[in-house]
Amino acid sequence: MTDISKETLEKIKKEQVQPKPRWYFLTKNYFYWLMFVLTTVLGGIAFGMIMFITDDLDWDIYHYLGISLPKAIIISLPYLWIILLLFFLFITYYNFIHTRTGYRYRLVVIFCLSLLISALLGFGFYHYGWTDTIDRGLRDRIPGYHHLVYSGQKQWMQPEKGLLSGTIIEIKPEENTLWLEDDLGQKWQIDFSQAHLKGITSLAPNVKIRIIGQKLAEHYFKAEEIRASRGFHQRPGRRKQY
Amino acid sequence: MIYISDCEQKTDAELVRLSLKNQDYYYCLMKRYEAPLMNYIYKLSGLNRTDLEDILQEVFILVYQNLNDYNRSFKFSSWIYRIAHNYTVSQLRKKAQGTQNISWDEHDLEQIVQSDFDLEENLALKINYHNLLSIIDSLPLKYKEVLLLKFVDGKDYQEISDILRKPIGTVGTLINRAKNMLTQEIEKHKAGVKYD
């Protein structure tokens with residue numbers, strides 16, 4: 001009977017087979033952990049962006065758009081970031097199960113844990129305003145990004161439907177009018193004589209506002225309600241324009 | 001030259017450490033696992049003796065090349081079984097060769113019967129050994145492999161989990177399903193239903 005062990009040892013010696021170095025395996029293992037951390041952080045960013053975009057939208061104005069709430073939700077969901085979040089969660093799972101002991105955990109446990117970490121990171125990114133910076137960076141640097149995300153800007157830049165958003169340039173209290181530069185750079189004269197303020201105590205230049213009202217003429221709008229922009233957009237100096 | 005007697009008192013982990021310094025110690029490690037691995041690969045693949053020896057030799061070389069990857073927090077047997085399992089399955093896929101008819105010995109069957117596998121009742125069905133073994137052999141690979149590891153090689157759930165790189169819960173589920181499937185197939189056989 002063949003002594004396979006003896007034959008194998010001879011082959012190892014003859015062909016000078018050598019064990020791969022320890023650093024090779026350590027590097028491989030660390031690589032998976034590094035990718036795990038990286039994709040978790042990216043998942044956190046995606047989660048933060050979902051929070052940012054969702055919070056930036058106003059959910060009480062859908063009737064102005066002539067649609068139902070369910071339809072408003074379907075239109076408004078940040079699909080791009082939801083898909084990215086799921087993608088990063090999958091990559092996180094893939095990396096985790098390829099670590100030394102990752103396979104010992106069930107898919108649902110790894111998935112829920114990754115989602116929880118991403119949610120915590122995402123909340124942190126959102127809370128400290130990093131998602132606003134990322135959003136601004138993407139809009140400035142990636143052409144077409146704004147088409148992929150239904151943002152507060154898109155939601156409020158519908159003057160024909162009575163919704164307008166922009167930054168106050170000048171106020172003329174004696175005439176009950178103000179000048180507004182909308183998010184696309186157009187200037188509007190706003191009549192606020194019969195408008196009530198919501199979530200904002202006074203009007204001042206450089207403040208970003210959102211207006212519900214009626215377009216009376218080209219670049220002339222009568223305000224019924226003026227409210228502060230939501231999210232981080234309303235902070236002076238944080239976001240001059242899209 | 002290292003003799004088997006030099007290694008008898010040494011643990012697997014010690015032999016791994018020594019093999020990395022002196023190739024001759026690797027002979028002891030191979031000798032220790034030659035028979036069980038040959039048996040496992042045979043049961044898994046049904047290959048002929050020549051092919052089995054080729055696969056086992058490649059497995060031993062792979063193990064040697066990856067010795068530095070062995071983590072002492074695992075059982076060495078689980079680690080070497082994992083490499084043998086993965087390599088055998090990959091070879092079978094490459095050859096697009098399904099499992100072949102295997103001649104199991106009665107000892108293997110007794111292992112299954114005497115384990116916690118509740119087959120006593122099914123054995124009372126008077127199915128002969130050959131038919132039962134054919135049924136086991138006809139199960140999908142994922143069920144067959146857990147049956148082999150649990151009932152033929154006597155591995156516990158943690159070891160099977162480490163060999164197949166699956167969570168323990170999944171291993172338990174697979175074993176239960178394999179048992180149920182086997183029982184159903186036996187029932188079919190008893191009822192005279194023809195199975196593949």
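**Notebook: chains A and B**

I started with the contact between the chains (contact: heavy atoms within 4.5 Å). Chain B puts 34 residues into the contact and chain A puts in 28 residues. I am working from a predicted model, where local features need pLDDT of at least 70, side-chain atom pairs count only at pLDDT 80 or more, and totals for chains, interfaces and linings use all residues. Residues are numbered from 1 along each chain as its sequence is written, chains are lettered from A in the order in which they are written, and side-chain values use heavy atoms, without hydrogens and water.

I looked up the buried area (accessible area, 1.4 Å probe, lost on putting two parts together, summed over both). Chains B and A bury about 2800 Å² between them, with 53% of it on carbon and sulfur atoms.

Next, salt bridges (Lys or Arg side-chain nitrogen within 4 Å of an Asp or Glu carboxyl oxygen). The rule finds five across the interface of chain B and chain A. I noted Asp3(A) with Lys31(B), whose closest N and O atoms are 2.9 Å apart.

What does Val63(B) touch, leaving aside neighbours within four places in sequence? I listed Tyr26(B), Phe76(B), Trp79(B), Ile80(B) and Ile83(B).
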